[in-house]
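Here are my notes on the model you asked me to look over. They are meant to be read with the sequence and the coordinates open side by side.

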Amino acid sequence: YILTACASLVSCSGILDENPGSYYEREEFFKDAQTAAMGITGIYNVLPLLYGDYEMAMAASDDTYYVSGVNQDNGRRDIAHYQLTTTNTYVENDWRYTYDGLNRANYMIAGIEGMDGYADSEELQQLAAEVKFLRAFLSFNLVRYWGDVPYKTEYTGSYEQAYGPRVDREKIYDRIIADLEDAKILPWADGASSPETATQGAVRGLLMRVLLARAGYSLQMDGTLDRPSDAVRREYFEAVIRKWEAFVENGYHGFYPGGYEALF
């Protein structure tokens with residue numbers, strides 16, 4: 001009886017070790033476009049962690065959002081009261097999840113661009129463009145909150161390995177803009193588009209925000225506040241106007257038909 005039981009356990013061990021059909025190793029994401037798209041979902045999965053709780057608390061340092069109460073919580077209330085510490089859990093998690101998303105984006109971009117037939121596949125190129133939009137989005141959050149930060153565009157094996165020396169924000173802005181320019185191959189949204197994935201309108205809208213932010217004052221590494229020269233700022237503003245004109249030309253934007261003056 002004991003031998004029979006042992007034999008049955010051995011025969012079942014292979015079944016018990018099988019992964020479910022919905023499970024994929026990272027390397028398997030680059031078999032075809034369908035599995036690559038599944039890998040991109042892993043980047044989107046970071047966003048609820050940020051915008052469901054932690055990232056939204058960062059607005060508490062602005063007049064747009066204020067957490068009532070005077071007690072210290074090492075979280076949202078401390079942000080609202082400008083009483084930050086190095087152990088604030090909300091700031092720490094916002095930082096960690098943003099870098100986690102960036103690392104996943106770096107992995108997917110390298111993997112998709114290295115797939116067989118990438119150069120001739122519009123579908124694969126659009127998937128890479130979607131990931132570049134996500135990388136730019138997460139990178140912009142880093143610059144807005146912390147300025148000059150450790151920054152890599154290559155995949156690292158873990159969150160801890162992503163650390164390095166601080167990178168000048170202007171170099172990060174250059175990478176953000178380059179990613180968004182590459183992402184402009186995404187199609188414009190239409191009535192059949194999913195609101196859950198990036199389209200060209202999202203790309204251009206984010207690019208406009210990036211250019212306007214880059215044109216403003218920011219705290220530099222030496223502790224001073226500075227902004228680009230007037231000539232460079234004019235270049236950014238003119239680029240924003242061109243992005244807006246693309247929205248108008250496309251026609252699918254849902255803006256108030258009377259324009260700004262009629263609305264306000």
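Predicted model: local features only at pLDDT ≥ 70, side-chain atom pairs only at ≥ 80, totals over all residues.

1. Residues are numbered from 1 along each chain as its sequence is written, and side-chain values use heavy atoms, with hydrogens and water left out.

2. Overall fold. The protein chain holds 10 helices and four strands, where helices (H or I, at least four residues) and strands (E, at least two) are DSSP runs numbered from the N terminus. Along the sequence the order of these elements is α-α-α-α-α-α-β-β-α-α-β-β-α-α. Of the 264 residues in the protein chain, 38% are buried, a term that stands for under 20% relative accessible area, with exposed meaning over 50% and partly exposed in between (1.4 Å probe, protein chains only). When contacts (heavy atoms within 4.5 Å) between residues at least 6 apart in sequence are considered, 58% of them join residues at least 24 apart.

3. Helices α2 and α6. The axes of helix α2 (residues 33-44) and helix α6 (residues 122-146) come within 10 Å and cross at roughly 5°, which makes α2 roughly parallel to α6. Here the axes are lines fitted to C-alpha atoms, for helices over the stretch in contact, and angles run from 0 to 180 degrees between N-to-C directions; those under 35 degrees count as roughly parallel, over 145 as roughly antiparallel, 65 to 115 as roughly perpendicular and the rest as oblique. On the α2 side the contact is made by Ala33, Ala36, Ala37, Ile40, Ile43 and Tyr44, and on the α6 side by Glu123, Leu124, Leu127, Glu130, Val131 and Leu134. These residues divide into 10 nonpolar, no polar and two charged, with Ala, Val, Leu, Ile, Met, Phe, Trp, Tyr, Cys and Pro counted as nonpolar, Asp, Glu, Lys and Arg as charged, and the others, Gly among them, as polar.

4. Ile40 within that contact. Ile40 lies in helix α2 and, at 2% relative accessibility, counts as buried. Leaving aside residues up to four places away in sequence, Ile40 touches Met108, Ile112, Leu127, Glu130, Val131 and Leu134. The C-alpha atoms of Ile40 and Leu127 are separated by 8.1 Å, although the two residues are 87 apart along the chain.

5. Arg169 and its partner. The structure holds 12 salt bridges, each a side-chain nitrogen of Lys or Arg within 4 Å of a carboxyl oxygen of Asp or Glu. One of them joins the side chains of Asp148 and Arg169 (2.7 Å, N to O), and it links Asp148 in the loop between α6 and β1 (149-150) to Arg169 in helix α7, 21 residues apart. Both residues of the pair are buried, Arg169 having a relative accessible area of 6%.

6. Other charged pairs. Arg214 and Glu170 meet through their side chains in a salt bridge (2.8 Å, N to O); Arg214 lies in helix α8 and Glu170 in helix α7, so the pair ties together parts that are 44 residues apart in sequence. Arg214 counts as buried at 8% relative accessibility, whereas Glu170 is partly exposed at 28%. A further salt bridge joins Arg233 and Asp230 (3.3 Å, N to O), which are three residues apart in helix α9 and therefore separated by about one helical turn. Arg233 is buried, with a relative accessible area of 16%, while Asp230 counts as exposed at 55%. Finally, Glu113, Lys132 and Asp182 are linked in a network of salt bridges.
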